[in-house]
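Reader: Before I set up any calculation on this model, I would like to go through its architecture with you, one point at a time. Could you show me the sequence and the structure to begin with?

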Amino acid sequence: MDHTREAFADALSSGDTERVNRAIDEIENTELEERAALFDECFEMCRDLYDADGGYQRQSVIRFAAGLYPRLAYRTVGSDLTDGPLPGEWTLDEIATHRERLRDLYVDALRDDDGRVRRAAAKAIKELALTAEMLEAEDELRSMMDELEALAEECVDSKRKYVEQAYENVAFHAEKLFPLLPDGLRDALEGDDHSSGR
């Protein structure tokens, strides 16, 4: 399969499970540097395809975007947190932009009417939280948690499940950096559990 925007877009918009899964496997098995080089163009493709009517296509886009994430921050593990360990001429600011753009997409997906899309987003956001933990980016983790907490409060009950899951996925990594988490959402969730008899 050609690693081009057009080839990936054809597969993701095909509705064919085998072609979709192949495209996702291809991008996940691509070297970090190549994924980074493809990121801008393919992320815009993801944004365009996400606007489609079909829930399966939107779910496929979220799964592909998660695979597209270059994870260049992993190259800094065990080193000083500078641009030096990053490949090529990539900078910490540039790779932070990757995370920001993916986070915006995932948060949009957590509002989606299709549960498959929300589930894929809740799973995908965990990788961003792991990266933030590795970079000891406390502010980034707190911001993610605040955004998800606000989203949970605005969501109707039927959509809240995967927002709560996303919050828990982020909180798991945040607790490794700072022990005291905002408890507003947790209290609200416990209240919901008691009131619903679960």
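**Helices, buried residues and a pocket**

Author: F178 lies in the loop between α8 (157–174) and α9 (184–196), where helices (H or I, at least four residues) and strands (E, at least two) are DSSP runs numbered from the N terminus. This is a predicted model, in which local features need pLDDT of at least 70 and side-chain atom pairs count only at pLDDT 80 or more, while totals for chains, interfaces and linings use all residues. Residues are numbered from 1 along each chain as its sequence is written, and side-chain values use heavy atoms, with hydrogens and water left out.

Reader: Is F178 buried or exposed, and with which residues is F178 in contact beyond its neighbours within four places in sequence?

Author: Buried means under 20% relative accessible area, exposed over 50% and partly exposed in between, with a 1.4 Å probe and protein chains only. F178 has 4% relative accessibility and therefore counts as buried. Contact means heavy atoms within 4.5 Å, and, leaving aside neighbours within four places in sequence, F178 is in contact with E138, L141, R142 and M145.

Reader: How many helices and strands does the protein chain hold, and what percentage of its residues is buried?

Author: The protein chain has nine helices and zero strands, and its elements run α-α-α-α-α-α-α-α-α from the N terminus on. Among contacts between residues at least 6 apart in sequence, 68% join residues at least 24 apart. Of the 198 residues in the protein chain, the buried share is 46%.

Reader: Which residues of α2 are buried, and which elements are included in what covers them?

Author: Helix α2 spans residues 17–28, and its 12 residues reach 16 Å from the first C-alpha to the last, close to the 16 Å expected at 1.5 Å a residue, the expected span being 1.5 Å times one less than the number of residues. In α2, the buried residues are V20, A23, I24 and I27. Because they cover an arc of only 95 degrees around the axis, they are on the same side of α2, the arc being that of the directions from the helix axis to the C-beta atoms. What covers these buried residues includes α1 (5–12), α3 (32–50) and α4 (55–68).

Reader: In the loop between α2 and α3, which backbone oxygen does the side chain of T30 reach?

Author: T30 is found in that loop and is buried, with a relative accessible area of 4%. Leaving aside neighbours within four places in sequence, T30 is in contact with H3 and R35. At 2.6 Å, its side chain reaches the backbone oxygen of E26.

Reader: With which residues is Q59 in contact, leaving aside its neighbours within four places in sequence?

Author: Q59 has its place in helix α4, and its relative accessible area of 13% makes it buried. Apart from those neighbours, Q59 is in contact with R116, V117, R119 and A120.

Reader: Which element gives the largest share of the lining of the largest pocket?

Author: The largest pocket is lined by 17 residues, of which E28, R63, A66, K123 and A124 lie nearest its centre; on a 1 Å grid over the protein atoms alone, a pocket is an open set of points where a 1.4 Å probe fits, with protein on both sides within 12 Å along at least five of seven lines, and lining residues have an atom within 4 Å of a point. The elements that give two or more residues to this lining are α2, α4 and α6 (115–134). The largest share, seven residues, comes from α6.

Notes: A polar contact is a pair of N or O atoms within 3.5 Å; within protein, one must be able to donate a hydrogen and the other to accept it, and residues adjacent in sequence count only if both atoms are side-chain atoms.
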